[in-house]
Amino acid sequence: MDELFRTSRRLSPIDIDSLSHREVQILTLVAEGKTNKQIGAHLYLSAATIHSHLKNVFRKLDANDRAHAVAKAFRAGVLQ
């Protein structure tokens, strides 16, 4: 059981440099609880563009959803 717990806590490494400045901006706003529409209004982009950026973030961070991406980014030091 202890081995299972230790294994489940290991994170795959994240290449911080693979995230663009815009993706980090968007991830920061996601961490603040903003919706795609709110982020788009803040950055003068459409909600569809935000959605596209987030799909790229999920792929790069190997995340399943917004919360998972934010958690991984915090653990990797991308967000503070």
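Student: Which helices do the buried residues of α3 pack against?
Tutor: This is a predicted model, in which local features need pLDDT of at least 70, side-chain atom pairs count only at pLDDT 80 or more, and totals for chains, interfaces and linings use all residues. Residues are numbered from 1 along each chain as its sequence is written, and side-chain values use heavy atoms, with hydrogens and water left out. Buried means under 20% relative accessible area, exposed over 50% and partly exposed in between, with a 1.4 Å probe and protein chains only. The buried residues of α3 pack against α2, α4 and α5.

Student: What is the arc of the buried residues of α3, seen down its axis?
Tutor: In α3, the buried residues are N36, I39, G40 and L43. They line one face of the helix, because the arc they fall within, seen down the axis of α3, is 100°. The arc is taken from the directions that run from the helix axis to the C-beta atoms. K37, A41 and H42 are exposed on the other side of α3, and the arc of the buried residues is 100°.

Student: How many helices and strands does the secondary structure of the protein come to?
Tutor: Helices (H or I, at least four residues) and strands (E, at least two) are DSSP runs, numbered from the N terminus. The elements run α-α-α-α-α from the N terminus on. The count is 5 helices and 0 strands.

Student: What span does α4 reach from its first C-alpha to its last?
Tutor: Helix α4 covers residues 47–61, which is 15 residues. The expected span is 1.5 Å times one less than the number of residues. That expectation is 21 Å for α4, and the helix comes close to it, reaching 21 Å.

Student: Which helices are included in what covers the buried residues of α4?
Tutor: I50, H53, L54, V57, F58 and L61 are buried in α4. Seen down the axis of α4, they fall within an arc of 145°, so they line one face of the helix. A48 and R59 are exposed on the other side of α4. The cover over the buried residues includes α2 (21–31), α3 (36–43) and α5 (66–76).

Student: Which residues of α5 make the contact with α4?
Tutor: α4 and α5 pack at about 55° with axes 10 Å apart, where axes are lines fitted to C-alpha atoms, for helices over the stretch in contact, and angles run from 0 to 180 degrees between N-to-C directions. The two helices are therefore oblique to each other; angles under 35 degrees count as roughly parallel, over 145 as roughly antiparallel, 65 to 115 as roughly perpendicular and the rest as oblique. Contact means heavy atoms within 4.5 Å. From α4 it is made by L54, V57, F58 and L61, and from α5 by R66, A69, K72 and A73.

Student: At roughly what angle do the axes of α2 and α5 cross?
Tutor: The axes of α2 and α5 come within 10 Å. The two helices are roughly perpendicular to each other. L27, V30 and A31 of α2 meet R66, A69, V70, A73 and F74 of α5 in the contact. The crossing angle is roughly 110°.

Student: Which residues of α2 make the contact with α4?
Tutor: α2 and α4 pack at about 95°, their axes 10 Å apart. That makes α2 roughly perpendicular to α4. On the α4 side the contact uses I50, H53, L54, N56, V57, K60 and L61, and on the α2 side R22, E23, I26, L27 and V30.
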